[in-house]
Amino acid sequence: MSFDPLEAVGLVMAEGDVYGGCFRYRNEHTLLTAKHCLPSTGDAIAVFPRSGRSQPIVRFERHPTADIALLVTETQASDSGSGYPDSAFWGSVSNWSLGEEFMAFGYPTEGPSPDTRSGSSPVPRLFVGHYQRFFDYLSPSGDLYLVGEMSIPAPAGLSGSPLFRAAAPQMVTGLVTTNLESYVVTDSVVEVSDSGKEYREEARKVISYGLALTLSGVTDWLREVLPSRSGLGLT
């Protein structure tokens, strides 16, 4: 059976609310997501809309200094625990490069869509872009981790979703975490008030770039919380 990366991507939910994306990694019962997508209360589940499956989450493992977490569900009967999994990403890569193209799939929740009804599930969308640069990102919450800057913004709800290669969709290159915002001045006016005081008015255009945590930057943690799958030949 050929691997479909879209089947491995789901949603983290609790008490009917969507907290972010997630994806199966190495096994059908082990998932990765962004740490900030974990619900603080309630029984959490991972929902996979394309297959209609849901998996209750029984345990979390949070990275101490990066925005990533492991979700563990009950072992799935279809997962033998060895060899190449049918519905989970096989592993990650460390040979990413500047300008490399990525594909990202998820369920953004940025607002209603004309082709959906109120109360319906988030709309699945596939995004394509390229990595613009790589750097150590310090988040407002104090997390520090290696990221790839995306050429596209990451809409709300895409956090926790995977970035992967079109030619090798089994391998994850990154995990969406947040946006980095900058701006350009589109117009500038200097005014002088009646009192002779000078002030400046600017019109600014905000530009957002999505950030993706590189899994190769948390390899040691992944080895600790998620041992290599038997017969897979990957670490």
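Predicted model: local features only at pLDDT ≥ 70, side-chain atom pairs only at ≥ 80, totals over all residues.
Reader: Which strands close into the barrel, and in what order?

Author: The barrel has 6 strands, in the order 1-2-3-6-5-4, with antiparallel pairing. On average, neighbouring strands of this sheet are turned by 40° against each other, direction ignored.

Reader: Which residues sit on each side of strand 6?

Author: Ala69, Leu71 and Thr73 are on one side, and Leu70 and Val72 are on the other. Both faces of the strand are covered.

Reader: How many bridges does strand 6 have with strand 5?

Author: There are 5 bridges between strand 5, residues 53–62, and strand 6, and the two run antiparallel. Phe60 has Leu71 as its bridge partner in strand 6, and Arg62 has Ala69.

Reader: How many residues lie between those two strands?

Author: 6 residues lie between strand 5 and strand 6, which form a hairpin.

Reader: And how many bridges go to strand 3?

Author: Strand 3, residues 27–33, is joined to strand 6 by 4 bridges, also antiparallel. Here Thr33 has Ala69 as its bridge partner. Ala69 is therefore a bridge partner of Thr33 as well as of Arg62, since strands of a sheet pair through backbone hydrogen bonds.

Reader: Changing topic: is Glu28 buried or exposed?

Author: Glu28 is buried, at a relative accessible area of 5%, because anything under 20% counts as buried. Its place is in strand 3.

Reader: What does the side chain of Glu28 make a polar contact with?

Author: The side chain of Glu28 makes a polar contact with the side chain of Ser87, at 3.1 Å.

Reader: What about the largest nonpolar core? Which residues touch the most other members?

Author: That core has 35 residues, and Phe23, Tyr25, Leu32, Ile68, Phe89 and Leu215 touch the most other members. Another core, of 11 residues, lies apart from it and includes Ala104, Tyr131, Met150 and Ile152.

Reader: Back to Leu32. What does it touch?

Author: Leaving out residues up to four places away in sequence, Leu32 touches Cys22, Phe23, Tyr25, Ile68, Ala69, Leu70, Gly160, Leu175, Leu215 and Leu222.

Methods:
Residues numbered from 1 in each chain as written. Heavy atoms only, no water. Buried < 20%, exposed > 50% of the residue type's maximum accessible area, 1.4 Å probe, protein only. Pairing = 2+ DSSP bridges. Polar contact = N/O pair within 3.5 Å; in protein donor to acceptor, adjacent residues only side chain to side chain. Core = buried A, V, L, I, M, F, W, Y, C linked by side-chain atoms within 4.5 Å. Contact = heavy atoms within 4.5 Å. Axes fitted to C-alpha atoms, helices over the stretch in contact; angles between N-to-C directions.
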